[in-house]
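Trainee: I would like to take a close look at a single part of this model, and I would be grateful for a careful explanation with the terms spelled out.

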Number of protein chains: 2
Amino acid sequence: MAKRNTSPVSGTRDFLPLEVLRRRYVVDIIESVYQSYGFEPLETPAMERLETLLGKYGEEGDQLIFRILKRGEKLDRELRDRPAENDLADSGLRYDLTVPLARVAAQYQMELPRIFKRYQVQPVFRADRPAKGRFREFFQCDLDVVGSSSLLVEAELLGAASEVLERLGFAGGRDYRIRLNHRAVLRALMEAAGLGVEREETALVAVDKLDKIGRAGVEQELIERGLPRETVARLVDWLENRPSGNPETISWLRERVESFEHGRRGIEELGEVLRYVGGGAAESCVDLDPFLARGLSYYTGPIFEINFEGFSGSAGGGGRYDDLIGLFSGRQVPASGISLGLERILLILDERGLFPERLTGQPQVLATLFAPETIAPTLQLAHRLRESGLRVDVYPEPGKYGKQFKYADQRHIRFAVLLSPREIAQDVVTVKDLTSGEQVELATEKAAGWLLERL
Amino acid sequence: MAKRNTSPVSGTRDFLPLEVLRRRYVVDIIESVYQSYGFEPLETPAMERLETLLGKYGEEGDQLIFRILKRGEKLDRELRDRPAENDLADSGLRYDLTVPLARVAAQYQMELPRIFKRYQVQPVFRADRPAKGRFREFFQCDLDVVGSSSLLVEAELLGAASEVLERLGFAGGRDYRIRLNHRAVLRALMEAAGLGVEREETALVAVDKLDKIGRAGVEQELIERGLPRETVARLVDWLENRPSGNPETISWLRERVESFEHGRRGIEELGEVLRYVGGGAAESCVDLDPFLARGLSYYTGPIFEINFEGFSGSAGGGGRYDDLIGLFSGRQVPASGISLGLERILLILDERGLFPERLTGQPQVLATLFAPETIAPTLQLAHRLRESGLRVDVYPEPGKYGKQFKYADQRHIRFAVLLSPREIAQDVVTVKDLTSGEQVELATEKAAGWLLERL
C-alpha cells in the first residue's frame, strides 16, 4: 500500500476535534446573541446557478468563483465545440451569503414576514491565491434585515455585533472599535474635495494607506494617479486634521458637506444611528470615520467596519444596500447587514488566550477496560454514567492501565473509572483523578454524583 | 428590474428559519449523544482532490461526483487540446464522510490518539437525478472509531445510534429496529447455498425484494439472473423459513455455516456484539438478519442497518471496514462506523408529529414601536430584556399595533411589550400575551422576570 497525498486541497483546512470545539464555542455565542436580537437562521445550498453569481462581485470576483463542471450529455455536447469557461459549468460554489439572501428574499416573498431578520453561518468559497489567513473555504457569519429602511436596524446590527464581542471577552472602545460612515457623506466629501465619482475609488484606495505609507506617500500616490494637486492637498489636509469624537466629527462634516443635499441627509442619518446606539451594547465603541469606504459597489447608506487594536484589516463589517435585493425580486427592497469575520476573531482569541480552558463537548470520564470478561459490565457502567449526563469514553481494548491513562491524557480526560472483577463483585468502582492522582473507591450508584460534583 | 430564476439549483434546498431550527433540534441531539459516548467532532473541506474521491464508490459513484473546473492558465492549457472530463477538473465535492475520515486518519497519524473516535455532521454532494427524498446536497451524521478491532466498538456505535432515536421520542423494538449481520457470515451462507463470490451481489439484490415482489417474484428473478434452480430453491427456502429471535438465528446459522472457518468466526463475533449490547441503549432493538447485505464493497466484519416500522429503506447503517484507511495510510488500520440518515429521520419525526411545539432559537418577545421619538427608549428596553436572557425582536417601524401584532403572530412570537410616552414617563411597560389577549402593566424592572416565568 503506497501512501497518497492526504493533505487537504490547497487553501482549505481540516479541523481536528479541538479546533472544531473552539470554532463551535465562538459560533455558539454568535448564534445565541443573534437569536437574542430576534434573528432567525437561514441555510442555503453550497451551489448556486452561475447566472445568480456572475456580475455581483466585480470582474475580479467573477474570476474567483469555483465553477462546477457540467456532466453527462450536456458536457459531451460542449466538448464537441470549442467551449469557453462558462460553457463548461452550469453552477458555482457560493461566494458570499448576501447574494443567496437576496435570491431567497425574492423567491419566498409570500412566505417570509414583511421584515425578514435572518442570520446565516455557512462556509463560502473563493478561488483566491492561498496565503496566511486567506482561505479558499471559510465561514461567514452574516446578520441582515430585509424589508425595512428604519435606521433602528443599523443600531440593532451594531448592538448585536458588539454584544458578541463582549461575550467573547473583548471590551468595546478598548480592544475593538466600530467605525461608522455613510456612503452619501463620503460621496459629498469627495465632491467637496473636487473629486468626481469616477476618481473616488482610486483616491480612497490611496487614502486607506495613510497608516502604512504616511502623508508623503499618500500624496505621491494620489498625484501619480493623476489627481489635481489642489484636490490632493485638500484631501490630505482633511485626512490629517479631522477631529476625533463623534459630535466634533459631525460638526466638521457639516462645515464641509452640508451644501450637498445627499451630504446633509447622510449626516442626519449618522446622527440618528448614533442616537439609537446609545444605551445598547455598542454604545462605547462606535466612532465616526468620514473616510471609511468599505469597497464602493453595492452600499447605499450607513457603512461600518470592526477593527481590533493592534490588528490591521477588519474583523467584520457591513452596511445598507437598498438596491441588491431588487436585482432578484424585480422591486426595490431595502436591506442592511453586518458580517463577523470568524477566522480573524478566532485568531485574536487565540493570541490573547481567551478560549475557555475546557470546551463543551470534550469527554469527561474514561471507563478503563480491565480484561475481556469485564467488557459487558464496563459498558453497563458507562451507560449508567451517561444517563446522569456525563460524557464517557470507554477504552475499547483490555490492557495496562498506564497505556489507558496515557490515552485519557492525550484526549484531555480528567477522570478514569476502574472496574476489575473484584470491584464488580463488591458493586463498587474506583475513580481516579488523573490530574491530582487522587483515587477513591465508591459504591457504583454514588459514582456519577461524585464525578458531577467535581466537573 | 426583471425577475430572475430564484429557485435553488435543482436537487438542492433552501432551509427557511423554521426548517433550520427543526434540523438543528435533531442535530443537537445527535451531537450531544455522540459526545456523551466520548466522540469528538471532525470537519473537513467541501472539496477533495479528485484522486482522493475517484475509485472509492464504484463506477456509478465516480459518475456522481461533482467536479470543480480548473481555472486560469491550467484551464486554458486543457482547452487547447481535446480535454476529457477528468482533465478539466482538479477537485470534486465530497461524496461521503468516510473517505475524508480515511484521508484525515492517514494525514494526522502522529497528532491523533491511537484510537480516534470522531463524529462528523456535514453536507455531502452527489449528482444523482433529483427525486422525492433524493437530494444533490444532503447531510450525513457519521460516527466512527478508527484504530481498534475490538467488538466493543460495534456495541458502542449501536448504543449511541439507539440513544439518539430514543431521545427523539422513538421506542427501540417498536418504532425502529437495528438489523445486524456479518460480512463473513453472509459470505459463508451464500457459499453454503452454492453461490460463488461473483454471483453474491446479484443474488442479494433479488433477495432484498422479497417484501415487494414476493417469493415467486424473487425465484423468477434469481432464475432469470442465471442462478441454478437448486441454489435458488435453497435460498428462497432459507429466506422464508429462517427463525426469528437472536438465539434461534444463531443456532440456525450454526447448522448452515459452521463448517466454513470464516462463517464460524463471524457467528462468534455476532454473539460477542449481542452480548456487549445487553444492558445498553440498543438492548431491545438489535435483531440478527442473516440476509442483510448493505452493499458489498468495503465492509469486512459486522454490518448493521436501522429500519423504521412502516417505512421502506433505511434510516441509517454502517459496519466494520478494516481495509479502507489503509488505502490512504499505507498500513492496515481497523475501523468501524455508523451513519444516521438525517433527511429520513426528519421526515419520520414530521409525519409522527414528534417535533417540540416551540423550538429553541425562536424569538420570544416583540418590542413594539409606538412613534419615532420612542425608538431610543424601546431599544434600551429590548437591551435590558436581552440581558435577562430573553430573545427579543424589535419592530423597526412605528405604526399601528395591529400590524405589529400580526407580524409577531407570523413569527410565532408569544409576547409583545408596549412602550408609549406615557409608559416611559411612568417607568412602566405594558406586556401583552398574544395567545390569550391578557394584558398587564408592570414596573419596567419587573418585566423580564414576569416574562421569564411564563416562557
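Where is Gln362(B) found?

Mentor: Gln362(B) lies in the loop that runs between helix H15 (342-351) and strand E12 (365-367) of chain B, where helices (H or I, at least four residues) and strands (E, at least two) are DSSP runs numbered from the N terminus. Please keep in mind that this is a predicted model, in which local features need pLDDT of at least 70 and side-chain atom pairs count only at pLDDT 80 or more, while totals for chains, interfaces and linings use all residues. Residues are numbered from 1 along each chain as its sequence is written, chains are lettered from A and ligands numbered from 1 in the order in which they are written, and side-chain values use heavy atoms, with hydrogens and water left out.

Gln362(B) has a relative accessible area of 7% and therefore counts as buried (buried means under 20%, exposed over 50% and partly exposed in between, with a 1.4 Å probe and protein chains only). If we set aside residues up to four places away in sequence, Gln362(B) touches Leu18(B), Leu21(B), Arg391(B) and His412(B), and also Glu40(A), a contact being heavy atoms within 4.5 Å. Arg422(B), by comparison, is 60 residues from Gln362(B) along the chain, and their C-alpha atoms are separated by 30 Å.

Another loop of chain B, the one between strand E5 (116-125) and strand E6 (137-146), holds Arg129(B).

For a residue in a helix, consider Thr249(B), which has its place in helix H12 (residues 246-257) of chain B and is buried at 3% relative accessible area. Apart from neighbours within four places in sequence, the contacts of Thr249(B) are Pro243(B), Ser244(B), Leu288(B) and Pro290(B).

Finally, let us turn to the cysteines. A disulfide is a covalent bond between the sulfur atoms of two cysteines, counted here when a pair of cysteine sulfur atoms is within 2.5 Å, and a search of the whole structure finds zero of them over all chains. In chain A, the cysteine sulfur closest to that of Cys141(A) belongs to Cys285(A), and because it is 18 Å away, it is too far for a bond. In chain B, the sulfur of Cys141(B) has its closest cysteine sulfur in Cys285(B), also 18 Å away and so too far for a bond. Cys141(A) is buried at 0% relative accessibility, and Cys141(B) is buried with a relative accessible area of 0%.
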